[in-house]
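These are my notes from an afternoon with one model, kept in the order in which I looked things up. I wanted to follow some strand pairings and then some charged side chains.

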Amino acid sequence: MPIAWDDIGGLVDAHERFLSGALVEVDVRGSVLDSWKRCRFAGFELDRMTCARASDLGLDDRFLSAAEPVLRDLSTSLADMGVTVVLCDGHGQMVQRRGGGRKLLQCLDKVLFAPGCDASEVASGTNGVGTALAGRRPFYVVGREHFADFLTPFACAGAPVRNPLSGRIEAIVDLTCLREHGDPAMLRLARDAVHDIETRLLEQATERERALLAAYRRARHGGALGWSWPERTPSGQETGYESAELGRIDLALLREKAEALIASPQRTLDEVVLSGGRVATLRRRPVTGAAGETGVVVEARILGGPSPIAVGPGASAEPYRASSAATVTVPPANPPAAPTPTPHGTPSAALRTAVTAPPPAPAADEPHTRVRTGTDDHGDGERGSWPLLVGETGVGLLAVQARRRLELLREAGLRIGSTLDVTRTAEELAEVTVPRLADFTTVDLPDAVLCGEEPEPFRAGTALRRVALGAVDEDPPLYRVGEEIRFTPSTPQARSLDSRQPLLEPVLAKAGGWFAQDPARGDRILAAGIHSLITVPLQARGATLGVVSFYRTGKPAPFEDDDLSLAQELAARAAICIDNARRYTREHNTALALQRSLLPQGRPEQSAVEVAYRYLPAQAGVGGDWFDVIPLSGARVALVVGDVVGHGLHAAATMGRLRTAVHNFCSLDLPADDLLTHLDDLVGRLDRGEGWAVEPTHPDSGIIGATCLLAVYDPVSRRCTFTHAGHPPPAVVAPDGTVEFVDLPPTPPLGLGGVPFETVELELAEGSQLVLYTNGLIEDRSRDVDAGLDTLRTVLACAGRGPEDTCEAVLDALLSARPGDDVAMLVARTHALGPEQIAQWDLPSDPTVVSRSRAAVTAQLADWELDNLAFTTELVASELVTNAIRYATGPVRLRLLRDRALVCEVSDGSSTSPRLRRARSEDEGGRGLFLVAQLTERWGTRYTTDGKVIWAEQPLP
């Protein structure tokens with residue numbers, strides 16, 4: 001933050017507005033604002049005038065010896081710049097203060113910022129030491145960015161010093177100066193000093209391990225352990241290491257087991273099965289160096305076959321009884337050569353391999369050393385073994401913990417995100433982390449994420465839903481899955497969401513704020529032994545999706561920085577997977593909404609069939625399956641089922657286009673085979689881009705493939721016409737339960753063209769069921785089409801079942817819980833129009849019959865008690881019969897149908913279609929069809945094999 005901004009009062013105003021509860025995100029750096037919020041949550045007293053005093057100061061001699069030369073050189077280099085170098089321990093308590101001008105030191109003494117003070121954030125507010133410790137990263141603060149007024153005259157840059165082996169924060173290095181001398185470059189100097197100290201700490205560990213290795217070799221050479229190395233190998237005998245022919249995998253396995261053995265004080269032996277059926281026996285020996293260093297050496301011994309030695313915790317070490325418990329003490333020797341400093345960067349691991357090849361050539365005063373396998377062992381139980389690893393017990397434990405963390409990360413990468421389901425992904429995170437990282441893991445997400453929407457920015461009181469709960473106990477004292485939670489601002493979860501940073505509460509009982517969420521539940525949590533907490537916000541692609549909380553109860557040790565880093569990594573991986581699932585859910589819901597809007601929204605008014613239908617989207621996404629029930633003229637009905645290849649929005653949109661096209665073609669009263677021919681031509685043109693230049697690499701440039709099945713049922717004749725384009729055959733269930741699949745001639749899918757479509761016509765008994773479906777119902781990865789058809793036949797073979805019950809029975813029997821393809825199914829039970837609903841007359845081609853036809857129509861309508869429709873129907877029938885006699889050929893037939901509407905039909909043997917036109921005032925004719933169109937609800941022409949039918953419909957009163 002520029003000093004000029006502080007000078008003009010911008011930060012002062014922002015600080016005042018923050019204290020009053022106003023939003024100041026755009027005015028204050030994020031890290032500073034996070035610190036201010038922590039200070040407010042901790043109840044920091046603004047009127048405090050000095051830093052608090054601390055007790056129990058001090059760092060161990062090991063750390064001070066590593067830090068002393070670094071801090072001395074840094075203080076010397078800054079002697080003329082008015083900067084003091086401060087060293088604080090891992091709790092923020094000041095241990096040393098070096099250098100600084102007189103004016104600076106007077107100001108610091110005035111506020112008691114001196115050795116012995118508590119510079120933690122809770123005690124002193126925002127400052128270089130406390131905020132670097134709380135945020136666990138370097139931090140620079142200047143002027144009014146300090147939360148407390150008494151620190152505003154200063155500028156500070158602090159950086160945490162971590163143990164290079166355990167990762168724990170052991171100290172804070174801070175550079176402090178007067179505000180006018182502040183420079184962000186101070187932060188780089190602090191970082192460099194921290195790196196140098198960490199490097200020296202690592203060198204100390206390396207020196208100790210080398211001293212242990214030297215102690216081990218001298219003790220073995222001098223016989224202090226009760227063995228001697230053979231001076232030479234018998235003639236023609238290979239060394240043990242060479243004869244063992246250990247490969248890279250075998251050596252890695254030995255090293256892993258040796259690290260675990262070093263980290264396990266209660267174990268002495270271990271056994272490792274290597275390639276080729278060989279067995280390696282590992283033995284743990286304590287070693288003490290000349291300067292008092294204590295450590296462990298692990299020896300390896302290769303056997304050519306299975307070993308009879310029992311291994312594991314508590315195993316006997318009888319073959320080595322003489323010296324198995326001996327601790328080697330070696331007289332002072334020349335110190336090892338100074339190790340080569342680690343290059344700038346992260347320090348390397350401190351656990352060293354003592355021998356990863358045959359032992360090195362001995363010094364002049366040492367016998368020649370060899371390594372031999374167990375098969376060469378004759379008498380002396382120590383022969384054939386060689387030192388594999390040397391290290392300190394604590395360091396070995398850290399190595400094992402690091403390996404376990406890596407294994408957990410690997411397992412998390414394999415298990416988290418196995419599906420594109422938000423809830424399941426959250427459950428996988430909980431399953432992976434319990435009990436290996438935490439005893440309880442909870443995942444809380446807003447409902448918007450569960451629905452696939454973008455989450456809103458988190459504010460105080462934002463509602464979250466408990467999505468997953470992993471627990472080692474069956475009855476954890478935490479909120480249950482499905483409960484809505486509104487975290488109060490003082491809880492770690494709310495603070496973590498607000499700051500978008502992870503939060504570690506190592507001792508939950510001492511942490512403030514979380515108890516206010518639910519005091520009664522808080523008591524139960526503490527009573528259950530939960531003592532440590534990590535909360536991590538789930539962030540992906542700039543959005544905060546929720547929060548995950550890790551609780552520890554079984555292990556007495558609290559969470560540490562390494563656990564926090566591991567939790568962050570796991571949460572980051574899970575957040576990406578959850579966001580992927582959320583985005584998929586959004587796309588899936590969008591495609592599903594589009595498809596459902598394109599599918600029929602209800603049952604059309606018709607009485608030819610009683611229908612039931614089902615549509616189930618696939619687990620992989622919405623597909624292009626569709627169905628339709630389309631009323632036709634003459635009380636007929638068209639049943640359509642289709643399938644567009646693929647999934648997603650493109651398939652759903654293509655399905656909508658095809659369904660619309662079928663509706664349009666049906667409105668023209670085309671025959672079934674002609675309708676599919678037109679649809680096939682349309683699909684071909686869509687595949688070719690409809691005449692537009694389509695980029696061939698575009699994934700949605702064509703339909704690729706579509707199938708269709710069309711059935712047209714006439715309730716007057718009870719005949720049904722079937723035709724299809726590459727679609728599975730329909731099933732016909734007779735009233736007695738007999739099932740037959742209609743034998744349709746094979747045809748290619750839509751869009752290929754060049755093949756005529758054929759029809760099959762069947763007469764159905766009233767009450768028969770037509771079952772139309774897509775291939776997703778009868779075919780999947782574990783079942784072929786024939787097996788699916790056989791199962792479908794078995795399920796359908798039931799008499800007296802309604803369409804709805806048939807749908808349920810079929811889906812229960814054939815559909816899996818997670819279908820791989822979407823399914824559309826349509827079941828129609830046929831009805832028939834009785835003789836009392838039909839009236840027809842065959843008329844000669846004589847104009848005199850027009851009057852007789854009007855009289856017959858009037859009489860029939862009187863019998864049907866439809867006298868109020870008599871005048872209109874008489875006029876319509878008169879006009880249609882007159883046109884047929886005047887312009888058509890062949891026999892003329894007049895038919896009335898009383899269904900949901902009154903239908904008047906006139907058929908003749910001509911294929912010419914009448915055309916509606918508007919007559920001019922001087923024209924004597926041309927008004928008949930215009931009158932018909934005006935007086936009826938709809939009218940049209942359909943062609944038959946021996947002519948045409950002109951029809952008109954009127955609604956019944």
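I began with strand β7 (residues 169-178), which is mostly covered, with 10 of its 10 residues buried; here buried means under 20% relative accessible area, exposed over 50% and partly exposed in between, with a 1.4 Å probe and protein chains only. Strands, like helices, are DSSP runs numbered from the N terminus, a helix being H or I over at least four residues and a strand being E over at least two. I kept in mind that this is a predicted model, in which local features need pLDDT of at least 70 and side-chain atom pairs count only at pLDDT 80 or more, while totals for chains, interfaces and linings use all residues. Residues are numbered from 1 along each chain as its sequence is written, and side-chain values use heavy atoms, with hydrogens and water left out.

Next I looked up the partners of β7, taking two strands as paired if DSSP finds at least two bridges between them. Strand β2 (residues 83-89) runs antiparallel to β7 and is joined to it by seven bridges, with Val 83 having Cys 177 as its bridge partner. Strand β6 (residues 154-162) is also antiparallel to β7, through nine bridges, and there Val 161 is partnered by Ala 171. I noted that β6 and β7 form a hairpin with six residues between them, and that Gly 167 in the turn has a positive phi of about 80 degrees.

I then turned to strand β24 (residues 719-725), which is largely enclosed by the rest of the structure because six of its seven residues are buried. Strand β23 (residues 706-714) is joined to β24 by seven bridges in the antiparallel sense, and Val 712 stands opposite Thr 721. Four residues lie between the strands of this hairpin, where Arg 718 takes a positive phi near 55 degrees.

For the charges I counted as a salt bridge any side-chain nitrogen of Lys or Arg within 4 Å of a carboxyl oxygen of Asp or Glu, and the count comes to 54. I looked at Arg 586 and Glu 454, whose closest N and O atoms are 3.5 Å apart. This pair links distant parts of the chain, 132 residues apart, with Arg 586 in helix α16 (residues 561-598) and Glu 454 in the loop between α13 (447-450) and β15 (463-471). Arg 586 is partly exposed at 25% relative accessible area, and Glu 454 is partly exposed at 41%.

Is Asp 579 buried or exposed? Asp 579 is buried, with a relative accessible area of 0%, whereas Arg 583 is partly exposed at 31%.

My last stop was the loop between β28 (769-773) and α19 (785-796), where Glu 779 lies; Arg 781 has its place in that loop too. Glu 779 is partly exposed at 37% relative accessibility, while Arg 781 is exposed at 89%. I recorded that Arg 781 and Pro 819 are 38 residues apart in sequence and 9.9 Å apart in space, C-alpha to C-alpha.
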